Each structure stands twice: as C-alpha cells, then as structure tokens.
Amino acid sequence: MRRRAVRSLAALVAALGGALALASCGKPAPATYTVTIANMAFGPAPDGLRVGDTIEWVNADIFQHSATAKDGSFDADLPPHAHARTVLKKAGQIDVYCRYHPGMSGRLAVAS
Amino acid sequence: MIRRTLMGAALALAIPAAALAQAAKPNDAQIAHIAYTAGAIDVAAGKQAVAKSHNKDVLAFANEMVRDHTAVNDQALALVKKLGVTPQDNPTSQSLQAGAKAKLAELAKLNGKAFDKAYVENEVAYHKTVNGALSGTLIPSAQNAELKSLLQTGLKLFTEHQHHAEMLAAKLK
C-alpha cells in the first residue's frame, strides 16, 4: 500500500516536471493578474496580457457588479466582496463593462 | 396666522428639488437623515415596481435599485452607529417623504406599460434631483470625512442609476 503511494507520488512528480518543461519552452507560462473594482470603477488594466492568462476580478464594493466582455467572450458575476476568474481565450482589444452599471467600463489589450 | 398657514401649505407642495435646494448648510446628522431617506424612498419605489411590472428590463432595473440603495443605506447605518451620530429629521427629509408618498399612490393606480413608463420617468427625475442635492449641498456641507466619502460613492452610484434609467426610458418610448 505504502509502496504504491510512493510510486504514484513519483509518477505525479514526473508528470509535473514534464508539464513544467513543456510550458517553459517557447511561450511564457500563463500568468494570473488581479483587477480590482472599487468605488464604482474598474481598476487599471494589467500590462502584458497574453492569451491563456487569467484575470482575477475582485469586487471591493458593497454593490453587485459584473465583468462582462462586450464581445461575449466572458461574463463574470461579482456579488459584493466576491471574486471570480476568467481565462483570456483570444487576442485583441476586449472592452469590458458592468451589466448592472453600464457606465463602468475598461479595456484589456491581449497579445497572442 | 393665515399667512403662516398659507406659507406652510406652499412649502408642503413644493417639489423635492426646491426643498433640497433650500436645505442650506445642513449638519452631518441632518445630511445622514436626508441621504438615508432618499435611499429608502427609492427602495420603496423599486419594490413597488418589482410587484407591479412585467417588463424584463424594468424588473432588472428595479431589482438593481432595491439592491444598490439597500447596500448604501446599510453602510450609512453602520457609519452613523460607528460615529455615534443620531440621524436628525428635518424639513428636507419630510418634504422628500411627502413627495414620495404621493408618487407611490399615483403610480399604484397605473398598470402595464403606463406604469413602466411613469416609474422609469420618475426614476430619471428623482435621481437627477438627488444627484443635484448631493453635489450641490450635501457633499460640500458634510464635515465628517467618512460621511463625505460615503456620499461621494453614493453620487457615483446614483449617477450610474440615472444613466441606466435614461437608457431605459428611451427604450420604453
């Protein structure tokens, strides 16, 4: 039993190592960036976004918000003080707004 | 005596915009009362719309009003408690309440599209009035920094609501 556990752990380590090696050759590994919504406004868009990166939306307001892509590529619902993640799937300029307060807007520049 | 009664009647009839403009230099306890009252009025209006409307967009807007204004008012209550301030009733709050009561009764008689239109048009006008009072009187008069900051957040929120209501009003025409 214990031997099997050790063996599967070794397999896991090997698999992880392989994945890391794959990720490290060529494109940089996907990164996670935080965008905070506070006082009825989106915080500044992170620089250097690439396809595959994750945006962690943090709602610091007492109001319900959403981070909704105008092109329909993502729509994160954000209750007060909640956070949600979206993965960037395509390159280009993505306009983002809040469904509840449509005057709140931001723009992400995503490289391929 | 007669003159005073007449003046009282004229004041009671005055629209909230005029009443708010008259509230020169209210103190923080009065400001907190006015802001809370203004929010509570919009929550009541939103609840009426949620009960009466069948329009998807109007319902979404009304639910947003109830949710957002309740959130601000909860925050306001927490703040006055923390500051040890007792909100103080005043003629501006009373005039707002009287106007809102009349409006609720007027809207209660309407149904369907007529209700939706009247509700949303009043929301546009009401948010304009409250925003004018916030930026012109309440925010400049507020002494406490935390109260001022909450009112400023309120102004951003209500300005968004005003735009949303204007968009909706144009759609309902």
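# Notebook: chains A and B

I began with chain B, which runs α-α-α-α-α-α-α along its sequence. This is a predicted model, so I keep in mind that every value here is computed from it. I counted the elements of chain B and got seven helices and zero strands. Chain B has 173 residues, and 36% of them count as buried. Then I looked at contacts in chain B with a separation of 6 or more. Residues 24 or more positions apart account for 79% of those contacts.

I reminded myself how a helix pair is described. Two packed helices are described by the angle between their axes and the distance between the axes.

At what angle do the axes of α6(B) and α7(B) cross? I found roughly 155 degrees, with the axes coming within 8 Å. Helix α6(B) covers residues 112–141. An angle over 145 degrees counts as roughly antiparallel, so α6(B) is roughly antiparallel to α7(B). I also noted the hand: α6(B) passes α7(B) in a left-handed crossing.

Next I sorted the residues of this contact by class. The contact of α6(B) with α7(B) has 13 nonpolar, eight polar and seven charged residues.

**Entry: α4 and α7 of chain B**

I stayed with α7(B) and turned to α4(B). Their axes come within 11 Å and cross at roughly 170 degrees. That angle makes α4(B) roughly antiparallel to α7(B).

Which residues make the contact? On α4(B) I listed several, among them B:Val58, B:Phe61, B:Met65, B:Val72 and B:Leu79. On α7(B) the contact residues include B:Leu147, B:Leu150, B:Gly154, B:Leu157 and B:Leu168. Charged residues take part as well, including B:Asp57 and B:Asp68 of α4(B) and B:Glu146 and B:Lys171 of α7(B). By class, the contact of α4(B) with α7(B) divides into eleven nonpolar, four polar and four charged residues.

**Entry: two residues of α5 in chain B**

B:Leu96 is found in helix α5(B), residues 91–108. Is B:Leu96 buried or exposed? B:Leu96 is buried, because 24 other C-beta atoms lie within 10 Å. The cut-off for buried is 20 or more. B:Ile41 is 55 residues away along the chain, and its C-alpha atom is separated from that of B:Leu96 by 8.2 Å.

B:Lys103 also has its place in helix α5 of chain B. I counted 20 other C-beta atoms within 10 Å of B:Lys103, so B:Lys103 is buried. I looked up B:Lys128 too, 25 residues from B:Lys103 along the chain. The C-alpha atoms of B:Lys103 and B:Lys128 are separated by 16 Å.

**Entry: where chain B touches chain A**

How many residues does each chain give to the contact? Chain B gives eleven residues and chain A gives eleven residues. On the side of chain B, α4 (56–83) and α7 (145–172) each supply at least two residues. Helix α7(B) gives the most, with six residues. I sorted this side of chain B by class and found two nonpolar, four polar and five charged residues.

**Entry: the open sheet of chain A**

I moved to chain A. Four strands form an open sheet there, in the order β2-β1-β4-β7, with mixed pairing. Which strands are at the edges? They are β2 (41–42) and β7 (83–87) of chain A, and each pairs on one side only.

I followed one pair in this sheet. Strand β4(A), residues 54–59, pairs with β7(A) in the antiparallel sense over five bridges. A:Ile55 stands opposite A:Thr86 in β7(A).

**Entry: β5 and its partners in chain A**

Strand β5(A) covers residues 65–69 and is mostly covered, with four of its five residues buried. I noted two antiparallel pairings for β5(A). One is with β6(A), residues 75–78, over four bridges. In this pairing A:Ala67 stands opposite A:Ala76 in β6(A). The hairpin of β5(A) and β6(A) has five residues between the strands. There A:Gly72 takes a positive phi near 80 degrees.

The other pairing is with β8(A), residues 92–97, over two bridges. A:Ala69 stands opposite A:Val96 in β8(A).

Definitions and conventions. Residues are numbered from 1 along each chain as its sequence is written. Chains are lettered from A and ligands numbered from 1 in the order in which they are written. This is a predicted model: local features need pLDDT of at least 70, side-chain atom pairs count only at pLDDT 80 or more; totals for chains, interfaces and linings use all residues. Two residues are in contact if their C-beta atoms, placed from the backbone, lie within 7 Å. Two strands pair if DSSP finds at least two bridges between them. Axes are lines fitted to C-alpha atoms, for helices over the stretch in contact, and angles run from 0 to 180 degrees between N-to-C directions. Angles under 35 degrees count as roughly parallel, over 145 as roughly antiparallel, 65 to 115 as roughly perpendicular and the rest as oblique. A crossing is left-handed if the near helix is turned anticlockwise from the far one by less than a right angle, and right-handed if clockwise. A residue is buried if 20 or more other C-beta atoms lie within 10 Å of its own, exposed if 12 or fewer, and partly exposed in between; C-beta atoms are placed from the backbone.
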